[in-house]
Amino acid sequence: MPQRPLWINSPMSHYTQRLTLIITVTSLVCGLCVALRSQSQPAHTINNLEEPTNTVTQIYPVREDFLAVEISTGSIIHAQQQTYKPELGDRVEPQTNNNDLVKNLLKVKGSLIGKDKKILYPFDQRSGITLEASWLANKQTYSIQSSDDPQYKTPKTPKQVHHKTKPTDIGEINGSYHAWQQKHTAYLQLPTPLTPGKTYQITFQGNSLKPKIYTHQPTFGRSEAIHVSQLGFRPDDPSKLAFLSTWMGSGGSLIYHEPRTFWLREEQSGRTVFKGTIRLRRDQSETEDPKARNYNATPVYGLDFSDFEQPGSYQVCVTAIGCSFPFSIKQDQWEKAFYIAARGFYHQRSGIEMKQPYTSFKRPLNFHPKIGTTVYASTTRLMDTDQGLWGKPGFSEQLAKTKTKTIVPNAWGGYFDAGDWDRRIQHVDATQNILELAELFPSFIAQTTLNLPESQNKTPDLIDEALWNLDFYRRLQTQDGGIRGGIQSITDPKRGEMSWQESGEVYAYAPDPWASYIYAGGAAQLAQWLKDHNPELSKTYQASAIKAMAYAERELPLLTEKDSPKEIRDRRNYAALELYRLTGDKQWHQTFITSSRLKEQGNPTDRRGQLSAAFLYSRMPKAQTDPKLQEEARQAILTEADIALAQTQKAGFGWAKTEPDAPIGWGHGLGVPHSIALLRAHFLTQETKYLSAALLSSQFSAGANPDNIIFTTGLGLRSPKHPLIFDQRLSNQAPPPGITVYGPFDTQFYGDFWTIKEFKESLQPSIESWPSVETYFDVFLMPITTEFTIMETMGPTTYTWGYLAARQNIKLAKTTQ
């Protein structure tokens with residue numbers, strides 16, 4: 001498995017080892033059958049189930065002289081579990097760390113699921129043909145004719161054609177992940193401009209593609225060249241911006257000559273309500289971050305309508321090009337986004353059944369003693385594996401060496417980390433995000449309902465989510481106060497198994513000081529909120545937090561330099577401050593002061609691990625703080641926000657990063673609004689510049705990007721269809737709402753990642769040519785884009801959209817501290 005730099009905060013997808021094994025094994029097993037198939041079928045077909053069919057999904061202008069034609073090819077029919085009925089010639093082959101395979105002659109039929117091996121999970125199938133790049137690029141492929149435009153009375157071919165192709169789904173055919181559903185975009189340079197209102201027929205030569213009728217309506221027809229947040233805006237949002245850009249794949253950049261007018265079109269009436277002029281935000285020759293990179297490969301233009309505040313539903317339109325997806329401007333516009341994002345936590349819960357009336361996503365009870373799940377104690381600490389602190393051995397190897405037969409009681413609950421089944425102490429970071437929101441906006445959070453099983457109780461639903469997560473770790477607390485770092489199956493999900501069918505052994509990590517500090521901080525923060533709402537429960541969590549802190553303090557002197565004391569010290573710093581706020585005990589204040597790095601000068605990166613503590617300290621009453629250190633805490637927040645603000649101004653699409661020097665991808669992916677530093681600075685100062693930058697930095701993830709996609713499931717007109725969620729994929733359901741994926745990545749830095757190598761055949765041009773802002777591949781087995789975690793994507797997204805929704809209550813929040 002490739003190694004990731006130490007500054008990346010969370011482990012690379014840990015099922016990667018399992019998938020690498022599958023590809024290696026199936027390549028050997030199915031080599032003969034693949035070779036035989038290739039002899040009997042044309043090279044461009046893969047396991048056809050029906051006559052080859054392609055579909056033109058849309059046609060739109062991107063400039064006066066360029067028309068884009070989007071073609072979808074192939075369709076993946078996802079495998080479904082079925083009752084296994086043995087046939088003559090079947091043989092079962094055991095697999096190492098995976099489910100047994102059933103084979104019959106040269107055919108691999110699938111994997112046997114369950115302890116009784118009575119369920120078969122077969123392979124995907126693909127219908128349709130694959131278009132060749134040479135066909136797409138050939139201008140003789142396309143013919144344009146019109147009965148009402150004299151310029152096109154006789155058929156005409158484009159002057160030239162540019163194109164790009166990306167995968168939109170993947171199928172595992174007989175054990176090999178090499179069947180694709182693809183989206184092809186051909187950019188036709190027109191011999192003469194089309195006439196608005198006229199109708200054209202585009203014919204395709206040398207393929208089964210049917211002719212397509214297109215009416216040219218550049219004043220109200222939609223164009224993918226215009227990008228705007230599908231989440232919309234509040235009337236008082238100080239930053240409202242859309243973008244214009246086109247990267248034509250093999251044709252490279254597309255320049256839009258200025259000045260060019262844009263306008264807001266009221267969706268229902270069609271009338272123009274605002275006009276402006278496009279402005280170049282970033283040329284492709286200009287760098288966008290400290291890595292001296294440009295991630296667009298084409299100029300990006302801004303369409304600023306910040307002064308427009310009239311509620312309604314609109315589109316952004318550009319002269320001779322067309323209009324964006326519709327969006328709304330209204331006072332509660334951010335509330336739906338926040339609701340969906342916060343609901344994502346419920347959909348990641350482990351140990352419950354998913355059903356109506358709480359969700360349309362169906363899933364049986366999983367990982368619970370009621371269905372026979374037994375969790376055994378391991379002597380391995382989470383902090384000593386690659387799932388905890390970086391540079392440590394792989395979890396599977398460590399668990400195998402240190403497993404015991406001691407049963408850990410009440411070991412159910414928590415959140416699944418991503419698409420697989422582990423639950424890790426780092427998820428408390430997301431819980432701290434939502435508890436911080438509750439502190440900043442108590443009245444808004446008290447009124448927010450999330451349709452949870454607990455919604456009828458007297459506790460706000462967002463606090464119920466905090467309780468769901470922290471109660472899991474409280475139940476794992478040992479007699480000496482130590483907190484286990486979580487629960488992990490000994491291997492990643494086996495092929496074809498859903499969460500309630502887990503057949504591997506399941507282990508709880510041994511307690512460690514790092515996990516105990518993390519829990520102590522979260523539990524103390526929760527106890528602080530509960531003080532005025534549920535005093536008895538507050539006492540329970542206070543006592544538990546103190547026990548966890550005492551355990552960690554006893555263990556701290558035993559750690560060595562290789563145990564990553566910096567990360568542990570940062571967690572200790574935050575936990576001490578929360579305990580000081582909760583109890584008033586000055587020993588914890590002193591611990592906070594002595595472990596603080598806020599007063600250290602130099603690179604802000606050195607203080608980044610203590611910013612949550614800095615924000616809390618800067619909000620505490622002055623009488624309870626060291627005034628000088630409190631000011632240093634405040635300045636640390638503002639310094640971090642200023643760095644993020646500068647990043648939004650340099651990036652063509654206005655995005656920010658939590659670590660400016662980090663490459664885009666994984667926890668630093670652009671699917672997440674990296675806006676927390678800016679929002680904290682806005683809370684402290686009420687300066688519009690921070691709110692404007694926070695809004696701008698959230699737009700890319702909200703749909704204002706070249707793919708015009710919101711990177712959170714269940715939102716907008718286009719969102720991820722194939723996130724890396726095993727339960728969803730294997731049960732053939734739509735993805736549960738509220739899952740924010742990693743999104744685009746840096747093609748130069750991560751170009752050698754193994755899944756990208758596997759995907760190269762599905763891309764045109766080569767991956768090295770793709771601008772990072774267009775590298776979201778909505779494919780299940782592309783973890784760098786479609787995976788996610790509770791703490792890296794879901795927590796920050798919920799916080800950002802919650803703040804933007806709730807900020808009308810900010811004055812009330814500040815007066816009730």
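**Stop 1: a lysine under cover**

Select lysine 109 first: its relative accessible area is 13%, so it counts as buried, the cut-off being under 20%. This is a predicted model. The side chains of lysine 109 and glutamate 87 form a salt bridge, 2.8 Å from N to O. Colour the chain by element to see what is linked. Lysine 109 sits in strand 7 (residues 107-113), while glutamate 87 lies in the loop between strand 4 (82-83) and strand 5 (90-95). The two are 22 residues apart, and the pair links distant parts of the chain.

**Stop 2: glutamate 465 and arginine 349**

Next, select glutamate 465 and arginine 349. Their side chains meet in a salt bridge at 3.2 Å, N to O. Here, too, distant parts of the chain are linked: the partners are 116 residues apart. Glutamate 465 belongs to helix 8 (residues 461-475). Arginine 349 is in the loop between helix 4 (333-347) and strand 24 (375-381).

**Stop 3: arginine 597 and aspartate 570**

Move to arginine 597 and aspartate 570. This salt bridge spans 2.4 Å, N to O. It ties helix 11 (residues 565-583), which holds aspartate 570, to the loop between helix 12 (586-595) and helix 13 (611-619), which holds arginine 597. The partners are 27 residues apart. Both ends are buried: arginine 597 has 3% relative accessibility, and aspartate 570 has 9%.

Then select Arg234, Asp236, Asp237 and Arg807. Salt bridges with shared partners join these four into one network. Across the structure there are 42 salt bridges.

**Stop 4: the nonpolar cores**

Leave the charges now. Which residues touch the most other members of the largest nonpolar core? They are Phe338, Ile425, Tyr519, Leu526 and Tyr541, in a core of 130 residues. Show helix 9 (residues 513-530) as well: it supplies twelve residues, the largest share of this core.

Centre on isoleucine 425. Beyond neighbours within four places in sequence, isoleucine 425 is in contact with Leu382, Tyr473, Ile483, Gly485, Trp514, Ala515, Ile518 and Tyr519.

In soluble globular proteins, nonpolar side chains tend to be buried together.

Technical notes. Residues are numbered from 1 along each chain as its sequence is written. This is a predicted model: local features need pLDDT of at least 70, side-chain atom pairs count only at pLDDT 80 or more; totals for chains, interfaces and linings use all residues. Side-chain values use heavy atoms; hydrogens and water are left out. Helices (H or I, at least four residues) and strands (E, at least two) are DSSP runs, numbered from the N terminus. Buried means under 20% relative accessible area, exposed over 50%, partly exposed in between (1.4 Å probe, protein chains only). A nonpolar core is a set of buried Ala, Val, Leu, Ile, Met, Phe, Trp, Tyr and Cys residues joined through side-chain atoms within 4.5 Å. Contact means heavy atoms within 4.5 Å.
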